[in-house]
Amino acid sequence: MKKTLILLSLLVLAILIGTWLEMNLAYDNASTEEKLFSVEEGQGLFAIAKNLKKENLVRQEWFFDIVVFLEGGARKLQAGDYRFSQAMTPREMAKKIISGDIARQTITIPEGWNMREIGQYLELTGLMPAADFIRAADEDFSKEFLFLADKPKTASLEGYLFPDTYELKIGEETNILVRKMLVNFDEKLTPEIRSKIKSQGKTIFDIVTIASLLEEEVKTLEDKKIVSGILWKRLKTGMRLQVDATIVYALGALAPGPTRSGIRALGKSPGKLTYDDLKTDSFYNTYRYAGLPPGPIANPGLESIKAAIYPKQSSYWYYLSAPDGTTYFSQTLEEHNLNKVKYLK
């Protein structure tokens, strides 16, 4: 009983001393600005404490050592990047490293971005180089995800990188993000949706390709359904799709250097295409080549995917998207050309 009381007294004394030391060893006017602090794989306690002192995150490295020992975490320190500030106590920093509470960053990928745009965004945010992301999106994940079974081996994951908000660990491997996006796509493609695609005699790849065109061409769900009906009707009759957005994508792929959004960064848009642009020699040029383009031209959201699956039949054969986002439909080429003169000024 006496020994127990002595041990409890020592423990309370250690806590009181530790609290007093934390208060008196803290920085005056400590900055709340966080900075990334890296713990390397296999790095020991003393080396971590030394680096914390070097980065002006702790005033005395020996006190950080004591805190870690008191927390019983000398052998539990985990590698990774952490967010620390001078305003944090050594105990708070120690607990983060012991528990592996690695720094995270939330990113939002908008619907309609293509791989180049996503890659450049990730590079601008400092998460990973654009080239690394694009390289990861070119890998073969077909053994992990059955919905990729009908995707041509030569096609990338363009179209399958589901646009959404994701939380990433700083320094996380690139293919982990790609896998998260594919898992998200897999979850969105419900058994009902897959059954409907199969019953239509179409492939998931075909649906995603059409959905990517809808995502880039029109804004509202109702317009997407009507345009979906027009595009499927053109394919059935052998008429060329003549989708301006596929040329924008083709020109982006041909553009030198990692521009933020391909040709769009150079000022091109469906409403600004020239006659020479329409002659671009690319299988993505749906003015020159019949059928679907070689693959999706963007990563569509669920609304566009559903519009591709559930098209709305109409008497229209042509559509035009005005600069303000309004879509104008016409039954004949003559009406379509008149709409061009009227709305594309």
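This is a predicted model: local features need pLDDT of at least 70, side-chain atom pairs count only at pLDDT 80 or more; totals for chains, interfaces and linings use all residues.

Biologist: How are the rings of F37 and F84 arranged, and what is the angle between the planes?

Modeller: F37 belongs to strand 1 (residues 35-39) and F84 to strand 2 (residues 80-84), so that the pair links distant parts of the chain, 47 residues apart. The two rings lie 5.9 Å centre to centre, and their pair is classed as tilted, the angle between the planes being 35°.

Biologist: What kind of pair do Y82 and F84 form?

Modeller: Both Y82 and F84 are buried. The ring centres of Y82 and F84 are 5.9 Å apart and the planes stand at 10°, so this pair is stacked.

Biologist: How many aromatic pairs does the structure hold, and which residues do ring pairs link into a cluster?

Modeller: The structure holds 12 aromatic pairs. Ring pairs also build a cluster, whose members are F145, F147, Y160 and F185.

Biologist: Where do the buried residues of helix 4 lie, seen down its axis?

Modeller: In helix 4, which covers residues 90-99, the buried residues are P90, M93, A94, I97 and I98. Seen down the axis of helix 4, these buried residues fall within an arc of 130°, so they line one face of the helix. An α-helix has 3.6 residues a turn, so residues three or four places apart point the same way. The place asked for is thus one face of helix 4.

Biologist: Are R104 and E167 buried, partly exposed or exposed?

Modeller: R104 and E167 form a salt bridge in which the closest N and O atoms are 4.0 Å apart. The pair links distant parts of the chain, since R104 is in strand 3 (residues 104-108) and E167 in strand 4, 63 residues apart. R104 has a relative accessible area of 38%, and E167 one of 46%.

Biologist: Which residues are linked with K224 in a network of salt bridges?

Modeller: K224 and E215 are both buried, and their side chains meet in a salt bridge at 3.6 Å, N to O. The network of salt bridges links K224 with E215 and E303.

Biologist: Over which ring does the charged end of K202 sit, and at what distance from its centre?

Modeller: A charged end over a ring is found for K233, which sits over W317 at 4.5 Å from the ring centre. For K202 the ring is that of W232, and the distance from its centre is 3.8 Å.

Biologist: Is I297 buried or exposed, and what separates its C-alpha atom from that of Y249?

Modeller: I297 lies in the loop between helix 12 (275-278) and helix 13 (302-309). Its relative accessibility is 1%, and therefore I297 counts as buried. I297 and Y249 are 48 residues apart along the chain, while the separation of their C-alpha atoms is 6.1 Å.

Note on methods:
Residues are numbered from 1 along each chain as its sequence is written. Side-chain values use heavy atoms; hydrogens and water are left out. Buried means under 20% relative accessible area, exposed over 50%, partly exposed in between (1.4 Å probe, protein chains only). Helices (H or I, at least four residues) and strands (E, at least two) are DSSP runs, numbered from the N terminus. The arc is that of the directions from the helix axis to the C-beta atoms. Rings of Phe, Tyr and Trp (its six-membered ring) pair if their centres lie within 6.5 Å; planes under 30 degrees apart count as stacked, over 60 as edge-to-face and the rest as tilted. A charge sits over a ring if NZ of Lys or CZ of Arg is within 6 Å of the ring centre and within 35 degrees of the ring normal.
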